[in-house]
Amino acid sequence: MNQEIAPTVKRAVNIRRLEGVVVSAKMAKTVVVRVERIKEHPKYKRRYKVHKKYKAHSEGGEYNLGDKVIIEECRPISKDKKWRVIKKVNEK
């Protein structure tokens, strides 16, 4: 009764996805995406924008400056790259 059990592929349930704008596409297979979010001051309750830049992996190089994209967290690809570009968001 030597049965081989097929390994099950488990995917993380809480995959982080962010939406942002490509601010640099000068590197090979890498784009820099700026993600903005709105934060609220704890005391004064005023809302303000904060941003962060992420380096994301894009294999084909089809993303250009100013494109709105969705990035997804993945395994570390290099020292700075821990995100992968999923798709371009169509602006209407």
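The count of salt bridges in this predicted model comes to 9, where a salt bridge is a side-chain nitrogen of Lys or Arg within 4 Å of a carboxyl oxygen of Asp or Glu. The model is predicted, so local features need a pLDDT of at least 70 and side-chain atom pairs count only at pLDDT 80 or more, while totals for chains, interfaces and linings use all residues. Residues are numbered from 1 along each chain as its sequence is written, and side-chain values use heavy atoms, with hydrogens and water left out.

**Salt bridges**

One of these pairs is formed by Arg16 and Glu73, whose side chains meet in a salt bridge at 3.7 Å, N to O. Arg16 lies in the segment before strand 1 (17-27) and Glu73 in strand 4 (residues 68-73), so this pair ties together parts that are 57 residues apart in sequence. A second pair joins Glu36 to Lys49, with the closest N and O atoms 4.0 Å apart. It links distant parts of the chain, since Glu36 is in strand 2 (residues 30-40) and Lys49 in strand 3 (residues 47-57), 13 residues apart. Glu36 and Lys49 are also linked with Arg34 in a network of salt bridges. In a further pair, Glu40 forms a salt bridge with Arg47, and here the closest N and O atoms are 3.9 Å apart.

The table gives the relative accessible area of residues in these pairs, for which buried means under 20%, exposed over 50% and partly exposed in between (1.4 Å probe, protein chains only).

| Residue | Relative accessible area | Class |
|---|---|---|
| Arg16 | 42% | partly exposed |
| Glu73 | 34% | partly exposed |
| Glu36 | 41% | partly exposed |
| Lys49 | 62% | exposed |
| Glu40 | 41% | partly exposed |
| Arg47 | 61% | exposed |

**Fold and overall form**

Helices (H or I, at least four residues) and strands (E, at least two) are DSSP runs, numbered from the N terminus. The radius of gyration of the protein is 18 Å, whereas a compact globule of 92 residues would have one near 12 Å; the radius is taken over C-alpha atoms, and the globule rule is 2.2 Å times the number of residues to the power 0.38. Along its principal axes, the C-alpha trace spans about 70 × 40 × 35 Å.

Buried residues make up 24% of the 92 residues in the protein. Among contacts between residues at least 6 apart in sequence, 46% join residues at least 24 apart, a contact meaning heavy atoms within 4.5 Å.

**Surface and charge**

The accessible surface of the protein comes to about 7,900 Å², of which 50% belongs to carbon and sulfur atoms; such areas come from the Shrake-Rupley method with a 1.4 Å probe. There are 26 positive and 11 negative side chains, and the centres of the two sets lie 7 Å apart. Lys and Arg count as positive and Asp and Glu as negative, while His and the chain ends are not counted. The place of a charge is taken as NZ of Lys, CZ of Arg, CG of Asp or CD of Glu.

**Two loop residues**

Lys29, in the loop between strand 1 and strand 2, has a positive phi of about 65° although it is not a glycine, and with a relative accessible area of 44% Lys29 is partly exposed. Lys45, which is found in the loop between strand 2 and strand 3, has a positive phi of about 60° and is not a glycine either; at 52% relative accessible area, Lys45 is exposed.
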